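Open the model in your viewer and keep the selection tool at hand. We will go stop by stop.

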Amino acid sequence: MITAAELKAAEASQPIHAEPTSFWRKYVFSIDHKMIGRQFLWAGLIFLLLGGTLAMMIRWQWAFPGRKVPLLGDLFLHRTGGVIGPAEYQQLFTAHGLIMVFFAVTPVLIGAFGNFLIPLQIGARDMAFPKLNMYSFWAFALSQVLVLASFFVTLGTGGAGWTTYPPLSTSIGTPGSGQSLMVLAIFVTGVGSTMGAVNYVTTIIRLRAPGMTYLRLPLTMWGIWLTAILNALFVPVLGSAGLLLLFDRDFGTQFFIAGAAGVRGGGDPIVFQHLFWIFGHPEVYILILPAWGIVGDVLSFFARKPHHWYKGSVGAMVAVTVLSALVYGHHMFQTGMSPLLGEGFMFFTLIISVPSMIIVMNQVFTLWQGSIRFVTPMLFALGTVIVFGVGGLTGLFLGDISMDLYLHDTMFVVGHFHFTMAAGSVLGAMTGIYFWFPKMFGKQLDERLGKIHFWFTSLGLTAVFGGQLLVGWAGQQRRLYDPYQYTFIQGLHGLNTWTSMFAFTLFAGQMVFIYNFFKTIFFTAPTNVQNPWGIPTLEWTDAASPPAYHNFDRIPGVLRGPHHLSDPRVEERLERDFLGQAEPGPEGATSAVEPA
Amino acid sequence: MTRGAAQGMVSPAALRPAGASRREATAFIGMVVFLASWTMLFASLFFAYGLVRTHATAWPPADQPRLPRLLPGLNTLVAVGASLALERAGRTWRDVASHATAGWLALATVLGAAFLALQASVWRSLWGEGLRLDGGPYPSAFYALTGLHAAHVLVGLVALGALTWRAWRPAGEALERTPLRLWTMYWHFVGAVWLILYVAVYLA
């Protein structure tokens, strides 16, 4: 039980500060986690649109190779007369991948939700290090500027693929400062991510409100906390790879340069692959763990039931986090790795499906016999479960060495990681945006437009990435400028064209979201309903919409877990079906069964 | 921190008294996480170094200068000396920084500067002997590892200089214990990286 002394101590260590009044301190160089969260949301969504536009141009090339790109061609490709040339094509898929992974999905899922939600959901007044938080955002903003700058230099932006493998990514394979700027941008965003991660990890360890034990944290917090741990440990590995690559490109060192260009034997390009994937595999989970957390909570909230086997899901998420650090070699089966080592990596890779299945099955059991409300965030959460299921199952094929030999570097790989990292995390992010929008802005997104957006997005993503899986299974290699120069791929032209049509439809469907988002933010009067969905976690029960600068007038004392829903005793006495985490319940309800 | 992490279920509020010491513990944990990140950065650099080196046919190549051992060895002692001076500075800090604190901090700063100067002289003499950045993986690894390490020393040196100034200045914002403790941790970390670097790059 929480004593008054504990609450007093929590208050003493987090005094209420006055809200800054100047424009710069309030909206630009803000140290308020809620403002920083919104800044990350805007920055990420703008780049999501940019990355999506680039994807449309790639799809255009695969449907109509060599034909002038409508609209965008005149805008961006005037040098080639509106046609995508081979060099531009390389840059398109490189920039698309890097922008989506590092500058769109990461800032929305981790930057926006992490910053906005951590203090609100654990019952704190701000992050542990508010200034560090501001530096983290501005490092990120600087990296976005570097990305944009790389488009305007001679020879254009980087073209070595999102993995930036040498020797292609060295100054011999990809000359020009565009590639260097891209690598520098990744390094700078990595610095920002690390600062954010330190803040997240420390805040959740130290600033949980009295009574908010680890096993009372919402699943969202678990997802973000584990992600932050992975970020803190593995983003620096990418940083080291980026630094060495920059040294190679711009200072003449030879870590990754080999062959004829290498002096005295030269270095080894495979070293880069090791460093990249030591980071890169945890990165996959960095992108999906927050989405798992958000979806786990939202499914429970709108099934109006406690999450099924909460502790099991938490344990499974921890297990996935640990295992994710042990499997990176499955990206390198084709590099001449020792077969014994390869089998070890295969084993751990396939083992990950056990905790992943626990998480997915718990999500499904949460729905079982629930009284499901099909609101927009719930639809997106359900969509996330399905697309992640497909993505996870296709991963089994790639994790198996003998199948990977066939499928390696085909569109099947592209389809697989788009189902997990793109569909899974984007639908997860949309779940969060629709769900927390009322808390962030004090008004609700239009439900009807939201549902239209959902159907366009979930069906669109599934069709597009499903098309990728199919052509990959048929043998189409990824990253081909004009796949139909190979006779055996010519038969896939129709399928590719259909897939592109679905992609254009998907993109058009996003306009509904953009319209809804802008209309609601700028032209809808705030309602400021504190808890429109009837949710038991702290940000809904104890903070206003949008929350005050100091979040909580009094730091809440937490009494129970995050999913106290449909307890008959609460329903009988309070005539509602949820009980807040910090709410003194009616007689008997406080001792209700913890969701476990 | 260790208590909170070990017990897991216990709310952190129950473990610490209110106010400053609580914030200091928070800062301490933040620094530990930061250092874990830095550890991974240097661990992966050493990992890359190990891979490149094992794949090389000759290390060092016959026509390239060998690395000196004596001067960097001496520098190891300088780095240890700076860390010890910082420890002493921490111990002289009572409720407020004294002139003894400032003295030890100044000594640590001077030793840190000496470390960089010695390292610079090692670079100069090797550069003079013809070891250039574009001379293959051997000089690449040497200059990149020592250079990145020296960059971290430089950051620490600026911080130690600032701490010395704040400890010395009688008026104004007094030097608190938290920054002193955190920068001491950082400095020890950079020293530990140097020890590994000395063994792995200069001696091995």
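## Start with chain B

Select chain B and follow the sequence: the pattern reads α-α-α-α-α-α. That comes to six helices and zero strands. This is a predicted model, so keep the confidence colouring within reach. Of the 204 residues in chain B, 36% are buried. Now show contacts in chain B with a separation of 6 or more: 78% of them link residues 24 or more positions apart.

Next, select B:Trp59 and B:Pro60. The peptide bond joining B:Trp59 and B:Pro60 is cis, with omega about -5°. B:Pro60 sits in the loop between α2 and α3 (70–92) of chain B.

## Confidence in chain A

Colour chain A by pLDDT. The average is 94, and 98% of the residues score at least 70. Then select residues 589–596 of chain A, where the pLDDT is below 50. Beyond near neighbours in sequence, this stretch has 19 contacts in the model.

## Where the chains meet

Show both chains. The contact takes 44 residues from chain A and 38 residues from chain B. On the side of chain A that touches chain B, α1, α7 (177–206), α8 (219–251) and α9 (269–302) each supply at least two residues. Which helix gives the most to that side of chain A? It is α8(A), with 10 residues. By type, the residues on this side of chain A divide into 25 nonpolar, 14 polar and five charged.

Zoom in on helix α1 (residues 4–13) of chain A. Its buried residues are A:Glu6, A:Ala9, A:Ala10 and A:Ser13. Look down the axis of α1(A): these buried residues fall within an arc of 100°, so they line one face of the helix. An α-helix has 3.6 residues a turn, so residues three or four places apart point the same way.

## Into the core

The largest nonpolar core has 220 residues. Those with the most contacts inside this core are A:Ile99, A:Val201 and A:Trp225. The largest share of the core, 22 residues, comes from α5(A). Select A:Trp225. Leaving aside neighbours within four places in sequence, A:Trp225 is in contact with A:Tyr200, A:Val201 and A:Ile204.

Move to A:Ile110, in helix α5 (residues 86–122) of chain A. Is A:Ile110 buried or exposed? A:Ile110 is buried, because 26 other C-beta atoms lie within 10 Å. Not counting residues up to four places away in sequence, A:Ile110 touches A:Ile224, A:Thr227 and A:Pro290.

Compare A:Tyr515, in helix α18 (residues 493–523) of chain A. A:Tyr515 counts as partly exposed, with 13 C-beta neighbours inside 10 Å. From A:Tyr515 to A:Ala18 is 35 Å, C-alpha to C-alpha, and 497 residues in sequence.

## Backbone stops

- **A:Pro546:** this residue is in the loop between α19 (538–541) and α20 (568–574) of chain A. The peptide bond from A:Ser545 to A:Pro546 is cis, with omega near -15°.
- **A:Asp409:** look in the loop between α14 (401–407) and α15 (411–441) of chain A. A:Asp409 has a positive phi of about 60° although it is not a glycine. A:Asp409 counts as partly exposed, with 13 C-beta neighbours inside 10 Å.
- **A:Glu575:** go to the segment after α20 of chain A. A:Glu575, not a glycine, has a positive phi of about 55°. With 7 C-beta neighbours inside 10 Å, A:Glu575 counts as exposed.

Terms used: Residues numbered from 1 in each chain as written. Chains lettered and ligands numbered in written order. Predicted model: local features only at pLDDT ≥ 70, side-chain atom pairs only at ≥ 80, totals over all residues. Buried ≥ 20, exposed ≤ 12 C-beta atoms within 10 Å, placed from the backbone. Helix = DSSP H or I, 4+ residues; strand = E, 2+ residues; numbered from the N terminus. Arc of directions from axis to C-beta. pLDDT = per-residue confidence, 0-100. Contact = placed C-beta atoms within 7 Å. Nonpolar A, V, L, I, M, F, W, Y, C, P; charged D, E, K, R; others polar. Core = buried A, V, L, I, M, F, W, Y, C linked by C-beta atoms within 7 Å.
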